[in-house]
Every structure is written in structure tokens, then in C-alpha cells.
Amino acid sequence: MAAPTDQRIAVPIDDPNADTEWNDILRKHGVIPEKPPSPTPMIEEAILEGRRIAHENRLEGKELDELDALEDDEDEAFLEQYRQKRIQELNSLTKKSIHGTVYPISKPEYSREVTEASSNGPVFVNLTSSLGTNVESRVLSELWRKAAKEYGEIKFCEIRADKAIENYPDRNCPTILVYKNGDIVKQVVTLVTVGGVRMSMLDIDNLLVDVGAVSEKDMRVVKRKRDAEEAKEEQLMGKGIKSGNLRHATADDDDDDDDWD
């Protein structure tokens, strides 16, 4: 028979994480491990830090007219600081804006207009479909024109795929090629990974940021992202109001039915 000190005693434990006097005794004697620190303070600290950063950057991406509209709500010195920053950014973009349109190119021009030109900055090429029924190709061509106009400092080119690459399959159109320093650094075959026929300028922005053509803090990128987030919030609020009205109308109908009982 084992000695009393050799016998193992089953200690009742309901919830080892509960804050009870019994658990404190068990922790003290090493029967259960120490309770890990609560993540709540860290979560609250992260939320407060996120709010602080959002407040400090609340004017990022706003146009000059939007800043003017905030004269009654913001400190004048703080507002003027952002005005000057925005004016400098606009002046810088104007100086760099040497393109502003999509360059239609031919195969003999490809090396000069794309490969060699990419040593001066990224060049974005859209290999288009030869078929008018390719909806994705038409969508990208339209976005290409908008992007070229807005990002005038970046070179956007366009060429029919089968003219650039012999026997290039139309099912791979459109194809986006991004050149930097003579090499292809990004390739997107069809729009399936970038929104399909719903691809928007937000996706173009993401592509430009991804290859380093523009900064994620670029005023155009920030503004479009902010506008999209605000539009989404308004849409959700609208759905909430409609849902509330529907529930209210249903309740009224139920009340009317009761009147006939």
C-alpha cells in the first residue's frame, strides 16, 4: 500500500481562470498556472491610439475647398499648415505631370516607349483584347484613361495583345504589365484578381501603391479611399433606416390587424 504522501489527490477545479479564493490557493501552491493578464487594457490602449492617429490625420487627402469649408471648426494655424502642404503637393504634381494621356503604341515602338522608358519611371502597359465583346478589356481601357489623366506623372501605354505578342490568347486579355528599369515587375492576367468587371479606380490605386509608383499617403489615394469609406458608411446607415422603417411599418400593420379581432 502506498504511503499517504505518495497518493495523488484529485483537486476539484471548476474554472481555472475564474477569480475565486479557491483558485488563488491553488495558484499559490502551483496546482494551476497563474492567470494570464487580461488583454482588455491593451485593447483599450490600441483603440485610443487608433483614435489619436485618426484625429491627427483627419485632414489628410482633403482638397483646398474642403479645407476652406472647415474654417469654423478647426484651429486656423493647424488649417493653414495643411493648406500649405496641399499647395506644395499640387505644385509638385503639376511639375511632374508630363504625360496625362494613354499612349497607343505599336510593336516597333514597344522597346523604346516601354522597356527603355521604364528607366525613368514605372510604365504601365494594357494588353487589350481584339474582340469588342471582351467586357473586362473595355473596363480596363476606360480606367486606363482615367488613371493616365489623374496620374500625369506616370506613363500609361496600350497595345492590342496579339500585335505585341504573336498568338497571345484572347482569353488572357486584358493583361497588365508593369515595367521598372527595363524589367517586368508586375503582371496581372485578366481582371479576375482585381475586381473583374467591377474593377474601379480604388483597385488602380492599390496597383500603383503595390509597385511603388505612388505612396499610400498620396493625397489622391487617401482621398479616394476616404470617400469610398464614407460612401459605404452612408449606405449602411441608409440600409439601417430602411430596415427600421420596414419593422415599424410591419408593427403598424400588426396593430391594424388587432383592431379587427
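Analyst: A residue is called buried here when its relative accessible area is under 20%, and by that cut-off 31% of the 261 residues of the chain count as buried in this predicted model. The chain exposes about 17,700 Å², of which carbon and sulfur atoms supply 52%.

Among the contacts in the chain with a separation of 6 or more, 61% join residues 24 or more positions apart.

Turning to the core itself, the largest nonpolar core holds 25 residues, and those that touch the most other members are Phe-124, Trp-144, Tyr-151, Ile-154, Phe-156, Ile-204 and Leu-208. At least two residues of this core come from each of helix H6 (135–150), strand S4 (175–180) and helix H8 (201–210), with H6 giving the most, namely 6 residues. In soluble globular proteins, nonpolar side chains tend to be buried together.

Trp-144 deserves a separate look: leaving aside residues up to four places away in sequence, Trp-144 touches Val-102, Phe-124, Val-125, Asn-126, Phe-156, Cys-157, Glu-158, Ile-176 and Ile-204. Two of these partners, Phe-124 and Phe-156, are also listed with Trp-144 among the core residues that touch the most other members.

Apart from this core, the chain has a second, separate one of 15 residues, including Val-114, Ile-159, Cys-173 and Tyr-179.

Methods. Residues numbered from 1 in each chain as written. Predicted model: local features only at pLDDT ≥ 70, side-chain atom pairs only at ≥ 80, totals over all residues. Heavy atoms only, no water. Buried < 20%, exposed > 50% of the residue type's maximum accessible area, 1.4 Å probe, protein only. Contact = heavy atoms within 4.5 Å. Areas by Shrake-Rupley, 256 points an atom, 1.4 Å probe, with all protein chains shown as cover. Core = buried A, V, L, I, M, F, W, Y, C linked by side-chain atoms within 4.5 Å. Helix = DSSP H or I, 4+ residues; strand = E, 2+ residues; numbered from the N terminus.
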